[in-house]
Amino acid sequence: MPQLSSITELSTAAVSAPLMSNDENRSGSPTGPNTSVITKVKPKTKRPNLYRVLILNDDYTPMEFVVHVLEKFFQKDVEAATKIMLHVHHHGIGECGVFTYEIAETKVTQVMDFARKHQHPLQCVMEKK
């Protein structure tokens, strides 16, 4: 910071305001200094995309296993899991839940690994909502 040599320079330095980018283009009033308003722009956060996790019907996976998967990986109670399983059985596809990308991807992988481990051809996929 530069050294000030007199009281006059000190008072002049205290009164002078920093220039804003558009200050050169403004005409100040004869009675007062130029003024500027600085506004803070709050960034808008975007909601993450959501993905549906779906179970597909097949002719080999037991209904009880599908109910067990829904209880274990999607925290469904027996009634809700049975309802989803029956929907899958009758319509060929059923929604297990809606999640952000990373969580949906993890759930699909967990279900697929669990089904393979138990030698069932159960298919689980995700799609953008």
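## Chat about a predicted three-stranded model

Colleague: What is the strand order in the sheet?

Modeller: The sheet is open, with three strands in the order β2-β1-β3 and antiparallel pairing. Two strands pair if DSSP finds at least two bridges between them. Strands (E, at least two residues) and helices (H or I, at least four) are DSSP runs, numbered from the N terminus. Bear in mind that this is a predicted model: local features need pLDDT of at least 70, side-chain atom pairs count only at pLDDT 80 or more, and totals for chains, interfaces and linings use all residues. Residues are numbered from 1 along each chain as its sequence is written, and side-chain values use heavy atoms, with hydrogens and water left out.

Colleague: Which strands stand at the edges?

Modeller: β2 (93-100) and β3 (123-128). Each has a single partner strand, so one side of each is left without a neighbour in the sheet.

Colleague: How are neighbouring strands turned against each other?

Modeller: By 25° on average, direction ignored. Axes here are lines fitted to C-alpha atoms, for helices over the stretch in contact, and angles run from 0 to 180 degrees between N-to-C directions.

Colleague: How many bridges join β1 to β2, and how many β1 to β3?

Modeller: Seven bridges join β1 to β2.

Colleague: Which residues stand opposite each other?

Modeller: Val 53 faces Gly 97 in β2. Ile 55 is opposite Cys 124 in β3. Leu 56 has Gln 123 of β3 as its bridge partner.

Colleague: What packs on the sheet?

Modeller: Helix α2 (residues 63-74) does, touching β1 and β2. Its direction makes about 155° with that of β1. Helix α3 (residues 78-91) lies across β1 and β2, running at about 125° to β2. Contact means heavy atoms within 4.5 Å.

Colleague: Step back a bit. What is the pattern along the sequence?

Modeller: It reads α-β-α-α-β-α-β. That comes to four helices and three strands.

Colleague: How far apart in sequence are the contacting residues?

Modeller: Take contacts between residues at least 6 apart in sequence: 66% of them join residues at least 24 apart.

Colleague: What about confidence?

Modeller: The mean pLDDT is 85, and 75% of residues reach 70 or more. Over residues 4-14 it is below 50, and beyond near neighbours in sequence this stretch has three contacts in the model. pLDDT is the predictor's confidence in each residue, from 0 to 100. Where pLDDT is low, the predicted coordinates should not be read in detail.

Colleague: Now the core. Which residues touch the most other members?

Modeller: The largest nonpolar core has 24 residues, and Val 53, Ile 55, Val 69, Leu 70, Phe 74 and Leu 122 touch the most other members. Such a core is a set of buried Ala, Val, Leu, Ile, Met, Phe, Trp, Tyr and Cys residues joined through side-chain atoms within 4.5 Å.

Colleague: Which elements supply it?

Modeller: β1, α2, α3, β2 and α4 (101-117) each give at least two residues. The largest share, seven residues, comes from α2.

Colleague: What is Leu 122 in contact with?

Modeller: Leaving aside neighbours within four places in sequence, its contacts include Ile 55, Phe 65, Val 69, Val 111 and Met 112.

Colleague: What share of the chain is buried?

Modeller: Of its 129 residues, 25%.

Colleague: Which residues other than glycine have a positive phi?

Modeller: Gln 75 is one of them, with phi near 50°. Gln 119 is another, at about 60°. Most residues other than glycine have a negative phi.

Colleague: Where do they lie?

Modeller: Gln 75 is in the loop between α2 and α3, and is exposed at 59% relative accessible area. Gln 119 is in the loop between α4 and β3, and is exposed at 71%.

Notes:
Buried < 20%, exposed > 50% of the residue type's maximum accessible area, 1.4 Å probe, protein only.
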